[in-house]
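These notes are for a first reading of the model. Please keep the structure open while going through the points.

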Amino acid sequence: MAQPAPPPRRPELPPAHAALICVAAPCLVISPEHGQLTGHGLDGIYRSGRRLLSRCLLRVAGRDPVAVQGRSLGSDRAGFTATVRTGAEAGPDPDVGVERVRHADGTERITLRNFTARTHHLPVEVALGTDLADLAAVAAGTPGPELPAGVHTAGLRWTDGTAQAVTTAEPAPDDALASAGLLRWQLELPPGESRTIELRTVQERTSRAPVGQVANPLGEARAEGDDPRTDSWFRTSVQDLGALLLRDPATPSDAFAAAGAPWRLGLAPADSLWAARMALPLGTGLAAATLRILARSQEGGRGPEAGRIPGPLRGAGPQLPPGCTGTEATLAFPVVLAEARRWGLGEREVAELLPAAERCLGWLRSAVGKDGFLADPDPGPRRCETQAHAHRAALLGADLLSECGRPGADEWRDWAAELRDRFRERFWTDADGPSGGRPAAALHPDGRPLPRLTSSAVHLLDTGLLGGGRLAPGLLDTVRTEQLARLLGAPAMDSGWGLRSMALREPGHNPFGHRAGAIRPQETAVAISGLAAAGFEKEAAGLLRGLLDAAQHFAYRLPEMYAAEQRTAGSAPLPHPAACRPAAVAAAAGIQALTALAGIRPDAPAGTVALAPFGSAPLGALRLSGLRVGGEPFAVRVSRLGLGMVEEAADALQLAT
């Protein structure tokens, strides 16, 4: 009897962890560390998901330059240093230096410098090629063959009938050989002098506007303090988040943060909303635009999906089926709107978005199961984090309804109180055991708990901001919160580089597993702020130091996830080969982790702001400036003694006691 054919294997993503990635969405450049675009793997210049150039190989004096260093120069550019021995000088020393600076917009400047005391006459060649492949085809290993080139004014062009790419050079090449994809120059290089060739690759014949088309809604904020790394981490986080901004095609005046590069350079409703929420200290513009974009996608009508924000499924590790990011985004919507209002979103914008928030709450009301919990998907498990998101949405939604003069606030507060009782009774496992118990990762549809300790529990600490600088109550009581803090601060969860997504020794643990062990900076940042707000600064400070140390190893550009191997003396965090870097929530994690040190709790409608800084000042003195509260500049300083002081704020803003 013939055996059934095995299911087709999903194509594996090619590794991207060693690449230098430059982003100015929708533009993207992926380069190997040596700087030569080889035409293999992911190498290339991309725009809107299409590879415009896959091969850019430089030869000088008939030789391949010897790569010395590749480095990131910012979110949107990278530099590559190489040397050439022309053979004109005796000995091993290079006599020509090569500096290449490659920008996300497709521009590359190649500078040759003569190190010697004699004039060099250098033949220079650049071999170019492309397949005009979609990034998805490149990732699947099926990009197609290189296309034939044609000579273009001062360069080469390629077309496949649906798209066209053009690479031009300044100065124009002395020779352009289309059949080989070659541009050639003969350069005279006097002693100690340099010459520069600029290449520009575009999608059309006509030149286009620079890539910074999106008006950046993020403030010009900075961090400075006793630990100099805070400045680098904060600055890189803000730059990376800004580099991921994309216009909404339907309403180009609205921008959102794409989920990450290279794989997710588009709208991911949950990630885009969480990133906007974590970046609220920089201003409310990104949150408002993201909310408007998602409101336009909200399901209409009167059916069971009415009010829900669509979103794709996302893997949940080996123990649970995939969860729906649309559920997460729907529950986040009223939360982000309510907190954006506290940070200073104008009442007119709030009023325009309030109906969409009410529809999200209406969907939640209809989606709750007979057991009082929210399944994700339905029918399916009742996830721990989903109940935390629902509880937060109910309380902050009630706060929003009440202050905006809309009905329903009391009903949502009552529902949240009932959910707290149900959650403590059903989700907290082994409460009478010697360990003190822990939250289940989920309840199966039949009510059985899944007793796994995962990073989803950190969302139980993220209760949300109410008026007057108050935090909303959480699903856990004081005793259970203290126990959760102990669990998160123990080595089984704290790897020394951040929080594991699944504890050591749990069945299915994998240090590289996306939701089975690997560290996701966003959740570590949520844990830091949540633990500190609950009064567990020791555990929060340990996670903060580990995350900052990891950021330093990743040149302050944290990937969306990395391996959760235990930190030891002399070790370094290991990259995940398939992780996006930069990623919106990982970039925003740096912003949230550092602003949590000051504990800023604004209430712009009431004209007040409260401070709840880390009393232990784990990174020493820290100053945050260029933040925005109530639409005005805001600066705060935390002393080495853990005392917070507002240094700049709107005249009408008062410090709450």
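1. Strands are DSSP runs of E with at least two residues, helices are runs of H or I with at least four, and both are numbered from the N terminus. Two strands pair if DSSP finds at least two bridges between them. In β6, Cys 56 is the bridge partner of Leu 37. Strand β6 covers residues 55–60 and pairs with β3 in the antiparallel sense over 2 bridges.

2. This is a predicted model, in which local features need pLDDT of at least 70 and side-chain atom pairs count only at pLDDT 80 or more, while totals for chains, interfaces and linings use all residues. Residues are numbered from 1 along each chain as its sequence is written, and side-chain values use heavy atoms, with hydrogens and water left out.

3. An open sheet has 5 strands in the order β3-β6-β11-β16-β15, with antiparallel pairing. The edges are β3 (37–38) and β15 (175–177); each has a single partner strand, so one side of each is left without a neighbour in the sheet.

4. Strand β10 (residues 107–114) pairs with two strands named here. With β9 (residues 96–103) the pairing is antiparallel over 7 bridges, and Val 101 stands opposite Arg 109. The hairpin of β9 and β10 has 3 residues between the strands, and Gly 106 there takes a positive phi near 95 degrees. Another 7 bridges join β10 to β17 (residues 194–202), also antiparallel, with Thr 111 opposite Thr 196.

5. How many of the 8 residues of β10 are buried? Buried means under 20% relative accessible area, exposed over 50%, and partly exposed in between, with a 1.4 Å probe and protein chains only. The strand is mostly covered, with 6 buried.

6. Arg 50 lies in strand β5 (residues 50–53). Arg 50 counts as buried because its relative accessibility is 18%. Its contacts (heavy atoms within 4.5 Å) include Asp 134, Asp 160 and Gln 203.

7. Helices α4 (residues 285–297) and α6 (residues 347–367) pack at about 35 degrees, with axes 10 Å apart. Axes are lines fitted to C-alpha atoms over the stretch in contact, and angles run from 0 to 180 degrees between N-to-C directions. Ala 288, Leu 291, Arg 292 and Ala 295 in α4 meet Glu 349, Leu 353 and Ala 356 in α6.

Terms used
Lists of a residue's contacts leave out its neighbours within four places in sequence.
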